[in-house]
2 protein chains.
Amino acid sequence: MRTVRETCQAAKHASRGMATLPTAAKDAVLAATADALEARAADLLDANRRDVAAARRAGLTDTLIDRLTLTEGRIRGMAGGLRQVVQLDDPVGEVVAGWTLPNGLEIRRVRVPLGVVAIVYEARPNVTVDAAGLCLKSGNACVLRGSSSAQHSNAALTAIIREQLAEHGLSADAVCLVEDPSRDSVGELLTAQGLVDLLIPRGGPALVQRVIDDSRVPVVIDGAGNCHVYVDAAADLAQALDIAVNAKVSRPSVCNAAETLLVHEAVAGEFLPKVAAELRAAGVELVGDERAREIVDMGQATDDDFATEFLDLKLAVAVVTDLDAAIAHIGRFGTLHTEAVVTQDRAAARRFQREVDAAVVVVNASTRFTDGEQFGFGAEIGISTQKTHARGPMALRELTSVKYLVDGDGHIRR
Amino acid sequence: MRTVRETCQAAKHASRGMATLPTAAKDAVLAATADALEARAADLLDANRRDVAAARRAGLTDTLIDRLTLTEGRIRGMAGGLRQVVQLDDPVGEVVAGWTLPNGLEIRRVRVPLGVVAIVYEARPNVTVDAAGLCLKSGNACVLRGSSSAQHSNAALTAIIREQLAEHGLSADAVCLVEDPSRDSVGELLTAQGLVDLLIPRGGPALVQRVIDDSRVPVVIDGAGNCHVYVDAAADLAQALDIAVNAKVSRPSVCNAAETLLVHEAVAGEFLPKVAAELRAAGVELVGDERAREIVDMGQATDDDFATEFLDLKLAVAVVTDLDAAIAHIGRFGTLHTEAVVTQDRAAARRFQREVDAAVVVVNASTRFTDGEQFGFGAEIGISTQKTHARGPMALRELTSVKYLVDGDGHIRR
């Protein structure tokens, strides 16, 4: 069994070849892998059955087992995802900017791969294929560290990708699975300074905090989404109703779902009873501050509730005196993910977009649009809640760096 | 005395107001500060004298004392630097990209400040003014942690900047100096998660490694520059001579100076004696591998020499069999800073630029051009040797993030 360090070294070595590969060569591997996944579905389902059986014995919840389970349909979905990546523009080689200095030196800023991207993720085996596909297309090698509960599935999936790399004359180590999915292996990735160029954790708060605490390699944090919908005094209340319900109910388990509803006091008396009825009809539990509870009977919301990403059919509600109070509430409890205002007041919309600090600031639309596919990127490898390197939905571009090419004719610095 | 945490909290608070400030308001403070620095030169020189006297008592080297010393000319230089920053375009508010989705949602990616930028730097007091100026212009608050040896000078400089901020109706805490310049204060900055949005260390390898090891906030590493000049078989040897000498000798103490000369075996016999004579005439000590020493008498270069950023009049020399060997040598010993090839062979130049992994890859010019001012950025806050967030010379743009503004008419996600 290779150690994590050996795996990273192998990936680093492979990354040199990947970096200069023509787009057509990368696309050929991706397309062939898509076909191979479908052709070898039976093998994949066999491997997955071992993981699922072990998960049942270990008493994992039905939700986790559902996430872990592969089906023919999900395998087709993974293959389809790879075919979609084939269609995306290759970001590598783009001349982002270029200019000529007064002395005649020509400078170009050109997009290049990062090198080795490490992804630490939890039970879903489809992340294995999605992440490998995006890393390959962007010219990177990747080191994948899935959860132990999905290890057989992940090994079977990466084996198919690695076979296809080798069949196309490329280094199989462009896609590496960490062979030991123990807790320690994450620590080894986090300290693989000089070998891992970017690490992306895709998991819960404990993993994210561990990455922040222990990482010695560059990371992009795919953190919590404690998203707010603020219904302004000047909101179209029919729009506000649709947006609040959609943001909470359409998929409560994801990071771009709303967790708190803020309502301007001028419209709270009219709006809150309506939205509460619709939300409750959809099974949502409401907790509110004092002023919300004066209007609609609901449980008491604590500061903890306002700070919590429920990821469930639960919503915190507060009545605010004005736009400033709404912005201040978001400044205190938000997690820099997605914040929405519903208003027909142009000045309020502009102020909200300017003053709210978040990756995505939305006017008159649901928070649920924060997503690489929805944004038109064609894919997504995560949503950054930090401000450096990448912010918001991350796709191929966020898996690249730049380098400067300087061309002269014997220029020296005086 | 404020703790580091209190200082960071104050800066975070101030950063909210800075983020939405019009360009004219920022420029007014910068221009007034430039005038105030010149008007108060006597106070600054007084404060600086205390630092210099203490440094002499502590037995600091003449080089360090020279870096620490302020003069009327250097104060004018700092003021001039601020006036130059006034002339630069404000990066904040730039719409980097924008598009409309098929469903009619409009998306804009807009440049915004990072928030709080922390800079940890060594003796030069001018960094205090340069860093504060760039952070202010880009709408950030900054927390400056200079060295204890420059504390009186830094306090006098920041006092003037803070006075000007207050006189212009802004929060003085937009520019904060860490009041306790102890080693512990760096640790507190490194763990100020949620308060420091970006930390840039400007110092030697020990500081950089400490930042990599201990940081829980996003960092950009301004690391070592172990830069190479490779003289290809197809080089114009007169150009190569100029470039090699300029890259080594014009300012040996800086990160973009060359530290190793690689020469293709086909031209080593002709080129090495010439370049050795010129370099030695300029006071450069040469150490070489076996093949270089067969041509020119010099000390033996060890792998340690090839891995060392001398920052001095010393150069390691190796003879290589071909372009591949040169690229491999750079891959082994380079620090991802600046690498140069001298060649008239178009294919060799293209391969070198494509395959060498560095922030700046130069053809037929000196490595010394890697610099924000030389590149035309008008300023520089450091040179990134990492691949995420920023690469190469960093100026105003690298002190920003982006956010997505999404505009709809009641859009919900189906």
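Predicted model: local features only at pLDDT ≥ 70, side-chain atom pairs only at ≥ 80, totals over all residues.
Let's start with symmetry. Two copies of a chain are related by a rotation about an axis and a shift along it. Here, chain A can be laid on chain B by a turn of 180° and a shift of 0.0 Å along the axis, with an RMSD of 0.0 Å. That is the relation of a two-fold axis. In chain A, its C-alpha is the one nearest the axis, 1.7 Å from it. And the same surface serves both copies: 100% of the contact residues of chain A recur in chain B.

Now the interface itself. Chain A puts 67 residues into the contact, and chain B puts in 68 residues. The area buried between chain A and chain B is about 5600 Å². Carbon and sulfur atoms give 50% of that area. Which three residues of chain A supply more of its buried area than any other three? They are A:K387, A:Y404 and A:R413, with 15% of what chain A buries against chain B.

Keep A:K387 in mind. A:K387 also forms a salt bridge with B:D197, and the closest N and O atoms are 3.8 Å apart. Between chain A and chain B, the count is four salt bridges. Polar contacts across the interface come to 47 residue pairs, both residues at pLDDT 80 or more.

Which elements supply this side of chain A? Several give at least two residues each, among them β2 (106-113), α9 (205-214), α10 (237-249) and β16 (400-411). β16(A) gives the most, with 11 residues. By type, the residues on the side of chain A that touches chain B divide into 27 nonpolar, 22 polar and 18 charged.

So what does β16(A) do over there? Strands of a sheet pair through backbone hydrogen bonds, either parallel or antiparallel. β16(A) pairs with strand β13 (residues 360-365) of chain B, in the parallel sense, over five bridges. Take A:Y404 again. Its bridge partner in β13(B) is B:V360. A:V406 has B:V362 as its bridge partner in β13(B).

Zoom out to the sheet. It is open, with 10 strands and mixed pairing. The order runs β1(A)-β2(A)-β16(A)-β13(B)-β12(B)-β7(B)-β8(B)-β11(B)-β9(B)-β10(B). At the edges stand β1 (95-100) of chain A and β10 (299-300) of chain B. Each has a single partner strand, so one side of each is left without a neighbour in the sheet.

There is another open sheet of 10 strands, also mixed, in the order β10(A)-β9(A)-β11(A)-β8(A)-β7(A)-β12(A)-β13(A)-β16(B)-β2(B)-β1(B). Its edges are β10 (299-300) of chain A and β1 (95-100) of chain B, each with a single partner strand, so one side of each has no neighbour in the sheet. Inside this one, strand β7 (residues 227-231) and strand β12 (residues 338-342) of chain A run parallel, joined by four bridges. A:H228 has A:E339 as its bridge partner in β12(A).

One last stop, away from the sheets. Over all chains, the count comes to 56 salt bridges. One joins the side chains of B:R40 and B:E163, at 2.9 Å, N to O. B:R40 lies in the loop between α2 (23-39) and α3 (41-57) of chain B, and B:E163 lies in helix α7 (residues 151-167) of chain B, so the pair ties together parts that are 123 residues apart in sequence.

Key: Residues numbered from 1 in each chain as written. Chains lettered and ligands numbered in written order. Heavy atoms only, no water. Least-squares fit on C-alpha atoms with pLDDT ≥ 70 in both. Contact = heavy atoms within 4.5 Å. Buried area = accessible area lost by both parts, 1.4 Å probe. Polar contact = N/O pair within 3.5 Å; in protein donor to acceptor, adjacent residues only side chain to side chain. Nonpolar A, V, L, I, M, F, W, Y, C, P; charged D, E, K, R; others polar. Pairing = 2+ DSSP bridges.
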